Amino acid sequence: MYLPPIRMLVADDSGAVQAFFKDVADRSPMPIEVTAANTGRECMSLLGQGGFNLAFVNVNLPETSGMEAVGRARALGDKTFVVLMSANVTNARLDVARQLNAYEYLVKPFTAADVNSILKTYKRIMIPMATLIVDDSRTIRRVIRQVLESGMFRLSIEEAVDGETALRRFKDGSFDIVFLDYAMPGLNGLQTLDAILIKQPKAKVIMISAMPDADLESQALAHGAIAFLPKPFFNADVSRAVHKALGLKIPGLTANWSPERDARQQAICPADDDQDKAADDNDRALTWA
């Protein structure tokens, strides 16, 4: 698949740092065009103009901090894939980085391998992926869809209300990633997982369940699931699972996050409920017609 050159902004007042990123870009197999910014105001102006795919922004910039520059750009609708960086990091800075929807926070000194890992992730993000959400709860399907659609990956999402419907979806096409509930009417998650992998052995299946059972998790992984998510789960849990499914390094901002460290976060996927059972029964009847 042809990918146009990546437009990368490097906002750092150090000439050595700018030269480092230029060298990484020159050595990359991906075509990368590097633009440098020396101050926070310049960074903010360039982000505001749009057109950048990727930005590495030093937190400690002259005139305006890197975080303020990114924050103001975000307020104007900028969605650039941002990596923040500095020589020192605090939990408060990490919290702000997450609020700014930064992908990662690199602590200096870092290596070319660290940057290349991020470039590899960005390249993978550009490739569209077919995704199937299988759950008999309309609420659960909706919240998972909302999280995936608001995330960084380009996903074409379809839904299925049970295992039988999911297998019929596979007859019409293939899916790269499957979010599969365990407890469903008819075929359960493990039975559906086995049938999916027979049809498409390369499918990456993430099992989800309201039962945080270690034995069930072991069974799911033994049957070929790539990850197991107990409900309720959070945005970061979904991000970690998708990174794992794609064989990508999990960013520190995501890997080190936990709900205990951020009381403001609410679970994006509740435990199972019966509020939408009637609607889902209707959906299932339509799919069987």
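Two residues are taken to be in contact when heavy atoms lie within 4.5 Å. The model described here is predicted, so local features need pLDDT of at least 70 and side-chain atom pairs count only at pLDDT 80 or more, while totals for chains, interfaces and linings use all residues. Residues are numbered from 1 along each chain as its sequence is written, and side-chain values use heavy atoms, with hydrogens and water left out.

Apart from neighbours within four places in sequence, aspartate 135 is in contact with Ile140, Arg141, Ala160, Val161, Asp181, Met184, Ile208 and Lys231.

Helix packing comes next. Helix H7 (residues 163-172) packs with helix H8 (residues 189-199) at an angle of about 5 degrees, their axes being 10 Å apart; axes are lines fitted to C-alpha atoms, for helices over the stretch in contact, and angles run from 0 to 180 degrees between N-to-C directions. H7 is therefore roughly parallel to H8, a label for angles under 35 degrees. On the H7 side the contact is made by Gly163, Ala166, Leu167, Phe170 and Lys171, and on the H8 side by Thr192, Ala195, Ile196 and Lys199.

Notes
Helix = DSSP H or I, 4+ residues; strand = E, 2+ residues; numbered from the N terminus. Parallel < 35°, antiparallel > 145°, perpendicular 65-115°, else oblique.
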